[in-house]
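Trainee: I would like to go through this model with you, one question at a time. Please define each term when it is needed.

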Amino acid sequence: KPKHILFLGRLDIGQKGIDLLLEAYLKIASKSKYPLIIAGNGPDEKRVFELIQKMKLERKVSMVGPAYGAKKEKLLSESLFVAFPSRNETFSCFALEALASELPLVAFNIPGIEWSGNKVALKAPAFNVGKYSSLLLSSQNAKKMGALGKKARKFASTFTWESVTDEFEAFFQNVIKIERSNYASK
């Protein structure tokens with residue numbers, strides 16, 4: 001049974017957008033059925049804590065430190081969805097892990113999250129805190145998010161080690177073929 005919304009990652013405000021998440025959550029905190037859990041550590045840990053205090057969100061937002069092993073599994077199992085407010089991202093292994101755990105992403109529509117499509121990630125326009133806060137609130141329907149979570153898990157299952165290594169191998173074979181062709185034409 002969902003108990004909270006989860007952010008899990010490096011506490012790096014500039015890249016991970018935790019300040020945007022807190023601004024968005026502040027707008028809905030009084031209406032939110034779910035508290036926000038921030039798990040992780042990083043260079044901005046103190047700044048994140050200070051932002052929570054400055055925004056007077058201590059009753060609704062908790063920092064729980066790094067999460068590995070059983071602690072991480074428990075946090076994931078008790079989450080409704082994963083807040084993913086990154087400003088820039090590459091292919092995120094944690095985002096894939098969240099999807100595999102049947103947790104949809106609530107994210108900004110940025111290039112680094114395009115791979116997730118719109119069926120398993122709900123996306124607000126990039127850095128639009130107002131739209132993101134609305135999405136955080138409208139995503140608090142456990143039944144709706146559970147159905148989306150089932151799709152998320154199925155989607156994540158397409159990213160097996162075998163399928164990913166097959167894609168890499170095909171890419172490298174194509175590069176080698178092109179290089180051989182270029183070399184032969186010289």
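Mentor: Let us begin with burial: buried means under 20% relative accessible area, exposed over 50%, and partly exposed in between (1.4 Å probe, protein chains only). This is a predicted model, in which local features need pLDDT of at least 70, side-chain atom pairs count only at pLDDT 80 or more, and totals for chains, interfaces and linings use all residues. Residues are numbered from 1 along each chain as its sequence is written, and side-chain values use heavy atoms, with hydrogens and water left out.

Trainee: What percentage of the residues of the protein count as buried?

Mentor: The C-alpha atoms fill a box of roughly 70 × 35 × 30 Å, taken along the principal axes. The protein has 186 residues, and the share of them that counts as buried is 44%.

Trainee: How many helices and strands are there in the protein, and what pattern do they follow along the sequence?

Mentor: Helices (H or I, at least four residues) and strands (E, at least two) are DSSP runs, numbered from the N terminus. The protein contains eight helices and six strands. Read along the sequence, their pattern is β-α-α-β-α-β-α-β-α-β-β-α-α-α.

Trainee: Which residues does Y132 touch, not counting residues up to four places away in sequence?

Mentor: Contact means heavy atoms within 4.5 Å. Y132 is one of the core residues that touch the most other members. With residues up to four places away in sequence not counted, Y132 touches L21, A24, A83, F84, P85, V106, A107, F108 and A124.

Trainee: How are helix 2 and helix 3 oriented to each other?

Mentor: Axes are lines fitted to C-alpha atoms, for helices over the stretch in contact, and angles run from 0 to 180 degrees between N-to-C directions. Helix 2 and helix 3 (residues 45–54) pack at about 15°, with their axes 11 Å apart, and the contact is made by I18, D19 and L22 of helix 2 and V48, L51 and I52 of helix 3. Angles under 35 degrees count as roughly parallel, over 145 as roughly antiparallel, 65 to 115 as roughly perpendicular and the rest as oblique. Helix 2 and helix 3 are therefore roughly parallel.

Trainee: Is helix 5 parallel or oblique to helix 7?

Mentor: Helix 5 and helix 7 (residues 142–156) pack at an angle of about 125°, with their axes 7 Å apart. The contact is made by L96, L99 and A100 of helix 5 and G149, A152, R153, F155 and A156 of helix 7. The angle makes helix 5 and helix 7 oblique.

Trainee: Why is the pair of F91 and W115 classed as it is?

Mentor: Rings of Phe, Tyr and Trp (its six-membered ring) pair if their centres lie within 6.5 Å; planes under 30 degrees apart count as stacked, over 60 as edge-to-face and the rest as tilted. The structure holds nine aromatic pairs. The rings of F91 and W115 have their centres 4.3 Å apart and their planes at 35°, so the pair is tilted.

Trainee: Which residues are linked by ring pairs into a cluster?

Mentor: F91 lies in the loop between strand 4 (79–84) and helix 5 (93–100) and W115 in the loop between strand 5 (105–109) and strand 6 (121–125), so their pair ties together parts that are 24 residues apart in sequence. F91 counts as partly exposed, at 37% relative accessibility. The cluster linked by ring pairs consists of F91, W115, F155 and F159.

Trainee: Is K72 buried or exposed?

Mentor: K72 lies in helix 4 and touches L8, A67, F94 and E97, not counting residues up to four places away in sequence. With a relative accessible area of 18%, K72 is buried.

Trainee: What is the relative accessible area of E78?

Mentor: E78 lies in the loop between helix 4 (69–77) and strand 4. E78 touches K1, P2, K3 and H4, not counting residues up to four places away in sequence. E78 is buried, and its relative accessible area is 15%.

Technical notes
A nonpolar core is a set of buried Ala, Val, Leu, Ile, Met, Phe, Trp, Tyr and Cys residues joined through side-chain atoms within 4.5 Å.
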